[in-house]
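Morning, everyone. I'll keep this brief. Please look at the model on the screen.

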Amino acid sequence: MLPTSPVGVEYSLTSLGESLREPFAHLYDWTVANASEIQARQRDYDQRAPR
């Protein structure tokens with residue numbers, strides 16, 4: 001807790017959380033690189049799915 005007004009809180013990752021940075025960055029990069037394909041497949045699915 002920070003001695004400010006209004007009261008502030010500072011958060012940080014644990015070492016376990018920090019260990020996810022690199023794998024998450026790879027997942028993010030893959031998602032960005034494949035976003036068009038992912039969106040196209042989602043549209044295809046949505047058109048087939050019963051409503």
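Start at aspartate 44, which is partly exposed at 29% relative accessibility. The scale is this: buried is under 20% relative accessible area, exposed is over 50%, and partly exposed lies in between, with a 1.4 Å probe and protein chains only. Aspartate 44 pairs with arginine 41 in a salt bridge, 2.5 Å from N to O. By salt bridge I mean a side-chain nitrogen of Lys or Arg within 4 Å of a carboxyl oxygen of Asp or Glu. Salt bridges with shared partners link Glu37, Arg41 and Asp44 into one network.

A word on the source: this is a predicted model, where local features need pLDDT of at least 70, side-chain atom pairs count only at pLDDT 80 or more, and totals for chains, interfaces and linings use all residues. Residues are numbered from 1 along each chain as its sequence is written, and side-chain values use heavy atoms, with hydrogens and water left out.

Helices here are DSSP runs of H or I, at least four residues, numbered from the N terminus. Arginine 41 is partly exposed at 43%, and glutamate 37 is partly exposed at 44%.

How many salt bridges does the structure hold? The count is 3. One of them joins arginine 21 and glutamate 18, at 2.6 Å, N to O. Arginine 21 is exposed at 51%; glutamate 18 is partly exposed at 37%.

Last, the backbone. Serine 5 and proline 6 are joined by a cis peptide bond, omega about 0°. Proline 6 lies in the segment before α1 (15–18).

How values were computed:
Helices (H or I, at least four residues) and strands (E, at least two) are DSSP runs, numbered from the N terminus.
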